[in-house]
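Please look at the structure before reading the points below.

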Amino acid sequence: MRVPLVAGNWKMNKTVGEALAFVSGLNPLLSDETRKRGWPEILICPPFTAVPAVSAALANTEVKVGAQNLSWEKKGAYTGEVSGLMLKDCGCEYVIVGHSERRHILGETDEVIGKKVRAALDCGLKPILCVGETLEEREAGQTLELCRRQTEQGLSAVKPEEIASVVVAYEPVWAIGTGKEAKPDDAEEVIDSIRDTMGKMFGDAAADVRVLYGGSVKSGNIRGFMVKETIDGALIGGASLDPEEFLRIVSEVLKTRVAPKDFGQGE
Ligand code: PGA
């Protein structure tokens, strides 16, 4: 069973004080159903500096914490890097890998991203591998091919028995931070093709991999994506910075995808 995942990516936003104010705003708003069942799964990925504080503040809730990047090495002389072991030690369960801002602004290659996915798994973290095309690539008809290549290279060092711990996020670069989300039908087509690629790589195990949509998701448009069975949730940037808007998105997911009766401690 693929439990929907609603993941907030704060990017380079919020000081520790601001991050704690977010958690104080979020906690009283978490519905009993979400709290008891852990459905959908809720994840917040603060900047590194706020991870320990947010993780401690959320310790008694169902909300999970992740990071936005990691080193492909575990320790050593890598000035400025942060390893998966350190993130795990600070309470992270997930880590975003290969976000388009890291690919396009910071020059991360598919090879580097593949090594980071491997490092995340080696450190006991669940990687969220981001893939997605630029506007030029979409207009040139290269979307499916590009996402196939990014998926294959990002997951090249993953074993079939590990693949269920991996999450893939389809995030078209032109939709990120622009207010122009993809059409749900287009997202569905790309995600089905990503599933097909993973099926060829991992066989039946690929059916357990959650694939999210990301790019200008907000409470007003999440339903369009969640009615698609192939889309298992969302990776949310701007709209995850405000606790009320973030939880409106969670509650839309809850309304669109009904939790099975036997799920979690709620029953
Ligand atoms: P956005 O960002 O929701 O602000 O478009 C999404 C992301 O970058 O993950």
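On a 1 Å grid over the protein atoms alone, a cavity is a set of points where a 1.4 Å probe fits but cannot get out, while a pocket is an open set with protein on both sides within 12 Å along at least five of seven lines; a lining residue has an atom within 4 Å of a point. Grid points are joined across faces, edges and corners, and a volume is the space filled by probe spheres set on the points. The model is predicted, with local features requiring pLDDT of at least 70 and side-chain atom pairs pLDDT 80 or more, whereas totals for chains, interfaces and linings use all residues. Residues are numbered from 1 along each chain as its sequence is written, and side-chain values use heavy atoms, with hydrogens and water left out.

**Cavity**
- The structure holds one cavity of 30 Å³ or more, and the largest cavity has about 40 Å³ of space.
- Its lining consists of G98, H99, S100, R103, C130, V131, G132, Q150, E171 and I176.
- Two or more of these lining residues come from each of α5 (100-104) and β5 (126-131), elements taken as DSSP runs (helices H or I, at least four residues; strands E, at least two) and numbered from the N terminus.
- By class, the cavity lining has three nonpolar, five polar and two charged residues; Ala, Val, Leu, Ile, Met, Phe, Trp, Tyr, Cys and Pro count as nonpolar, Asp, Glu, Lys and Arg as charged, and the others, Gly among them, as polar.

**Ligand site**
- The ligand sits in the second largest pocket, meaning that more than half of its atoms lie within 2 Å of the pocket's grid points.
- This pocket has about 180 Å³ of space.
- Its lining numbers 15 residues, with K11, G177, S216, G237 and G238 nearest the centre.
- Around the ligand are 13 residues, the closest being K11, H99, E171, G177 and S216; a residue counts if one of its heavy atoms lies within 4 Å.
- The shell around the ligand comprises four nonpolar, seven polar and two charged residues.

**Ligand contacts**
- Oxygen atoms of the ligand lie 2.7 Å from a polar side-chain atom of E171, 2.6 Å from a backbone N or O atom of G177 and 2.9 Å from a polar backbone atom of G238.
- Taken alone, the ligand exposes 290 Å², of which the protein buries 95% (Shrake-Rupley method, 1.4 Å probe).

**Largest pocket**
- The largest pocket has about 400 Å³ of space.
- It is lined by 14 residues, and K11, M12, Q68, R102 and L106 are the closest to its centre.
- Its lining divides into seven nonpolar, four polar and three charged residues.

Methods:
Polar contact = N/O pair within 3.5 Å; in protein donor to acceptor, adjacent residues only side chain to side chain.
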